[in-house]
Amino acid sequence: MTQPTHPWIASLKAGLDGLEQALLQGDPEAVERASAGVQSVLQRAPKTAEFGVPGSTLRSDMLEAAQRFGQLRQAVLRASAPTKL
């Protein structure tokens, strides 16, 4: 039986969805708000022990979210870089 998604991971994924949407819209203020939202979720991360609970997908879900966050971070950096002519 598949374990339900941890509520924190669901919040993190929702925050990353919002950040991605803001990036796609090219809205700097929305990107700033979404980034702050993701930071807020990250500050409420579960205790380390929760990542080792047998049958929990929290660790693998976190690794997936971290990879996605890294990709979005790169997109933010590219979007904010000055364009060379």
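The protein carries 9 positive and 8 negative side chains, and the centres of these two sets sit 6 Å apart. The model is a predicted one. Side chains of opposite charge can pair up when their charged atoms come close, and two salt bridges turn up here.

One of them brings together the side chains of Asp17 and Arg68, with 2.7 Å from N to O. That pair ties distant parts of the chain to each other: Asp17 belongs to helix α1 (residues 7-25) and Arg68 to helix α3 (residues 58-80), 51 residues apart. Asp17 itself is partly exposed, at a relative accessible area of 42%.

Arg68 also forms a salt bridge with Glu20, and the closest N and O atoms are again 2.7 Å apart. Here too the link is between distant parts of the chain, since Glu20 lies in helix α1 and Arg68 in helix α3, 48 residues apart. Glu20 is partly exposed as well, with 33% relative accessibility. Through shared partners, Asp17, Glu20 and Arg68 end up in one network of salt bridges.

As for the overall fold, the protein has three helices and zero strands, running α-α-α from the N terminus on. Its radius of gyration is 15 Å, well over the 12 Å that the globule rule gives for 85 residues, so the protein is more spread out than a compact globule. The C-alpha trace spans about 55 × 20 × 20 Å along its principal axes.

Buried residues account for 20% of the 85 in the protein. Of the contacts with a separation of 6 or more, 72% are between residues 24 or more positions apart.

Definitions and conventions: Residues are numbered from 1 along each chain as its sequence is written. This is a predicted model: local features need pLDDT of at least 70, side-chain atom pairs count only at pLDDT 80 or more; totals for chains, interfaces and linings use all residues. Side-chain values use heavy atoms; hydrogens and water are left out. Helices (H or I, at least four residues) and strands (E, at least two) are DSSP runs, numbered from the N terminus. The radius of gyration is taken over C-alpha atoms; the globule rule is 2.2 Å times the number of residues to the power 0.38. Buried means under 20% relative accessible area, exposed over 50%, partly exposed in between (1.4 Å probe, protein chains only). Contact means heavy atoms within 4.5 Å. Lys and Arg count as positive and Asp and Glu as negative; His and the chain ends are not counted. The place of a charge is taken as NZ of Lys, CZ of Arg, CG of Asp or CD of Glu. A salt bridge is a side-chain nitrogen of Lys or Arg within 4 Å of a carboxyl oxygen of Asp or Glu.
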